Amino acid sequence: MPLPRPISFPNPMKLPPVAGLQSWWQRLTPQRQDRFAVLAPLAAVLLFLAAIVAVFGYLRLEEIDREQEAVQRDVEYTQQRLRLRLLERQEQLMRIAREMSNRELDVDEFQSRAEAMVNQYPELQGMTWIDNRKRVKASFGTASLAPNQLRTVGSTLKAGDTENTFRLTQELQQPIYSQSVAVADTPGTLQLHIPLNDRAGFAGILLAEYSVDGLFRYGVPAEVSARYAVSFHDANGGLLAGTSIPSRKRAASLSPWAPPANAYEVPVSPVGNGLVIRGQAYRTSLGVIGSGLFWLVAVLSGMTAWMLIANWRHTRRRMKVQHTLILETSFRRAMENSMLTGMRALDMQGRITYVNAAFCQMTGWSESDLVGQTAPFPYWPEEDRDSLASRLEEELAGKTLPGGIQVRVKRPDGTIFDARLYVSPLIDARGIQTGWMTSMTDITEPNRIREQLSASHERFTTVLEALDASISVAPLGSDELLFANKLYRLWFGTQAGGHLQLVAQAGVPETHPSDESLDNVDAFAGLPTNLLPDTEAESAEIYLETLGKWLEVRTRYLSWVDGRLAQMVIATDITARRLAEEQSAAQTERAQTASRLITMGEMASSVAHELNQPLTAINNYCNGMVSRIKAKQISEEDLLGALEKTAKQAHRAGQIIQRIRSFVKRSEPNRSVANISGMVDEAVELAEIELRRRNVRLTHYVAPRMPTLLVDPILIEQVLVNLLKNAAESIDSAQRPTAQRSVKLRVAPTLVDDKPVIEFKVVDSGKGLAPEVMARLYEAFYSTKADGMGIGLSLCRSIVESHMGRMKAQNLYNGDEVTGCCFSFWIPVTESMSIRAQLPLKQPRTPE
């Protein structure tokens with residue numbers, strides 16, 4: 001038989017390209033041929049898609065370049081139009097300035113010329129003649145100017161941008177453009193400062209103000225604003241007029257696929273960088289991503305690539321399945337040997353037929369020592385062999401426990417450990433039982449941990465029993481008591497009645513699902529049970545008449561050991577603390593009453609003078625009527641008129657006494673919904689007595705539509721009276737002239753930390769507060785008065801803070817001179833300003 005001729009491959013370099021490719025293909029293995037057969041069309045599809053994307057991108061870049069050139073051309077054209085318009089106005093204004101410098105125009109002629117120019121050119125808003133001392137000699141402005149932009153004759157330039165430009169114009173002696181700052185929602189203007197020179201030198205300026213919006217409206221060609229978004233900007237990029245398209249960064253943040261907007265900007269001459277015109281092209285095309293043809297090609301290419309990839313994955317999946325079948329047996333064997341749970345197989349007669357590596361490692365006996373053995377097994381302790389043999393017979397008889405059994409196992413070195421065995425039937429592939437399968441787990445460490453937990457629970461229970469607070473746990477909707485410590489049992493016994501009583505009095509929701517007759521909604525409806533234990537603890541203070549104690553009750557929901565939702569109640573005896581709080585409240589009340597009495601004592605001379613006026617009037621009326629009756633020179637009509645005036649003066653005196661009595665009357669704290677205007681009126685009428693005696697004028701303002709406050713009106717009136725009286729004393733001690741002896745009271749809503757509050761502000765024109773006095777202003781028993789007790793301001797701040805408010809004081813300055821002082825405090829306007837119920841331990845005191 002002749003030998004086969006060896007196959008000789010030609011040199012690939014000498015073959016034509018097609019022949020060389022065929023030779024390379026034949027040398028590949030079938031697996032590689034399948035892979036390249038699928039990947040080659042996929043690569044071709046991806047290259048085709050890349051070429052289409054490149055073409056669309058090139059066309060889009062060309063379109064953007066054309067748009068950019070058009071924007072630049074039109075913006076420069078608009079800039080030239082604006083430049084010519086501004087230069088034309090500047091020439092006209094400079095001619096007027098020369099006539100003013102040569103004194104050819106007086107004020108009246110300037111007014112007429114300015115009115116004519118402003119009416120003729122709509123972008124020009126006003127013209128002002130300012131002399132060299134910065135005073136306005138003449139001014140004319142359009143009706144569209146805001147009140148704060150009008151310049152009155154005789155006024156001077158204020159410190160700011162206009163004054164700075166005035167000085168710069170005086171130094172440079174040439175026209176200067178500047179931007180005015182927008183104030184109080186008033187649009188800024190473009191200002192032109194033209195210097196005026198006479199024989200004596202600098203004579204002032206001619207100030208012309210342009211409306212930026214007017215320049216935009218009349219200076220930008222309509223055909224340009226129709227094609228582009230044209231806008232004016234200042235040197236910082238702020239929008240002055242026109243419309244603006246979001247910048248490239250903002251457009252990218254709104255949509256990552258949005259193409260950048262074509263824009264061009266150039267400063268407006270002769271203004272300079274202070275006025276920049278910007279033009280932005282509106283987006284009219286969809287771009288590459290918005291092209292329907294692009295998406296059609298992309299979808300078709302994606303579908304083709306997906307089908308090729310799916311075919312390739314299907315082929316690889318078949319190969320993987322074959323490989324998986326080969327590894328399955330090895331994997332199962334490795335899994336059995338790597339298990340931490342010991343596995344043992346017995347046949348129907350109780351002989352060991354199989355043990356895994358974990359069973360041998362756990363017991364210390366090798367596989368050869370165990371396989372084929374029958375009871376008693378080597379790992380059975382001698383003292384437990386009888387019990388283990390009986391259990392083995394029960395297992396072989398099919399009497400197995402689902403929870404397993406706990407046994408002791410002996411190692412070859414004699415050491416013993418605890419293990420738990422789980423027995424189940426061993427069924428072969430045909431469904432026939434061939435023996436019993438046993439799994440063994442070492443539970444020595446869990447038993448040790450269980451013993452430690454038991455000891456820890458005992459210690460924890462001992463601590464709970466020794467606490468000076470009552471602790472009880474009961475499930476929701478049940479009268480069962482799960483736990484109660486020693487103090488609870490001492491107070492309430494061993495039943496759940498005390499627990500439920502504490503929950504009910506504390507106002508904590510408790511459900512009773514067993515009562516089907518009550519159609520109540522569950523207080524915890526919609527809240528998952530596993531979230532209830534994580535809710536915050538609730539706290540309340542209650543009084544138990546059965547115990548005669550005040551208790552602070554805290555409740556919390558928790559999951560009990562059996563999975564039920566339970567409620568834990570902790571009750572602490574706070575009777576001593578409540579007694580201390582009541583004594584503190586009584587001391588505060590007495591201090592407030594004493595402060596009011598001191599205030600009225602200091603105002604005693606003023607009150608006497610105030611009462612003397614109506615009493616003197618009554619005396620005069622009575623003497624007059626007596627003398628005229630004796631002389632029989634009075635008619636019945638005159639007598640009735642005199643009696644009515646006498647009654648009115650008596651009523652006035654009675655009102656003064658009643659107001660003073662209600663102010664100084666001692667009473668229990670009573671917070672109620674109070675009207676702010678009423679409180680202010682009462683305080684003002686009381687304080688005006690002292691202010692009139694000291695010749696101090698009081699003006700007060702209360703904002704309209706004020707809300708009501710949950711306060712004690714007498715205490716708030718006390719704060720206002722003290723502040724007004726102190727203001728009058730400060731003005732009197734400063735010896736201010738009559739024109740400056742005034743106190744202002746202002747009440748208005750405001751915001752503090754984004755929360756609505758009512759602010760009370762008292763401003764005086766006194767000598768202010770010294771730094772050392774400001775540092776100790778609210779210190780108790782500290783006073784700057786020779787006969788003062790030092791409790792007024794300290795008590796005022798305590799009253800304000802008890803109403804959840806704050807109080808502050810600050811000096812008012814005019815330069816370095818102190819011109820007065822401002823005391824202010826605020827009260828929050830919230831419905832959550834709850835008042836804790838003051839349930840006394842004894843009968844409340846009757847007001848004196």
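Student: What makes the contact between the side chains of K549 and D573 a salt bridge?

Tutor: In this predicted model, the nitrogen-to-oxygen distance between the side chains of K549 and D573 is 3.5 Å, and a salt bridge asks for a side-chain nitrogen of Lys or Arg within 4 Å of a carboxyl oxygen of Asp or Glu. The pair is therefore called a salt bridge, since 3.5 Å lies within that cut-off.

Student: How do you know that K549 and D573 link distant parts of the chain?

Tutor: K549 belongs to strand 18, residues 549–559, while D573 belongs to strand 19, residues 565–573, and the two are 24 residues apart. A search of the whole structure by the salt-bridge rule finds 28 salt bridges.

Student: What makes a space inside the protein a cavity, and how many of 30 Å³ or more are counted?

Tutor: A space is called a cavity because a 1.4 Å probe fits there but cannot get out, and by this rule the count comes to two cavities of 30 Å³ or more. The largest holds about 130 Å³ of space, and of the 13 residues that line it, R344, W380, L388, E395 and L421 are the closest to its centre. Helix 11 (385–396) and strand 12 (405–410) are the elements that give two or more residues to this lining.

Student: Which peptide bond ends at P270, and is it cis or trans?

Tutor: The bond from S269 to P270 is cis, with omega near 10 degrees, and P270 sits in the loop between strand 8 (263–268) and strand 9 (272–281). Another cis peptide bond joins A375 and P376, where omega is about 0 degrees, and P376 is in the loop between helix 10 (367–370) and helix 11.

Student: Why is the phi of R705 worth a remark?

Tutor: Most residues other than glycine have a negative phi. R705 is a residue other than glycine, yet its phi is positive, near 55 degrees, and R705 lies in the loop between strand 21 (697–702) and strand 22 (709–711).

Key. Residues are numbered from 1 along each chain as its sequence is written. This is a predicted model: local features need pLDDT of at least 70, side-chain atom pairs count only at pLDDT 80 or more; totals for chains, interfaces and linings use all residues. Side-chain values use heavy atoms; hydrogens and water are left out. On a 1 Å grid over the protein atoms alone, a cavity is a set of points where a 1.4 Å probe fits but cannot get out, and a pocket is an open set with protein on both sides within 12 Å along at least five of seven lines; lining residues have an atom within 4 Å of a point. Grid points are joined across faces, edges and corners, and a volume is the space filled by probe spheres set on the points. Helices (H or I, at least four residues) and strands (E, at least two) are DSSP runs, numbered from the N terminus.
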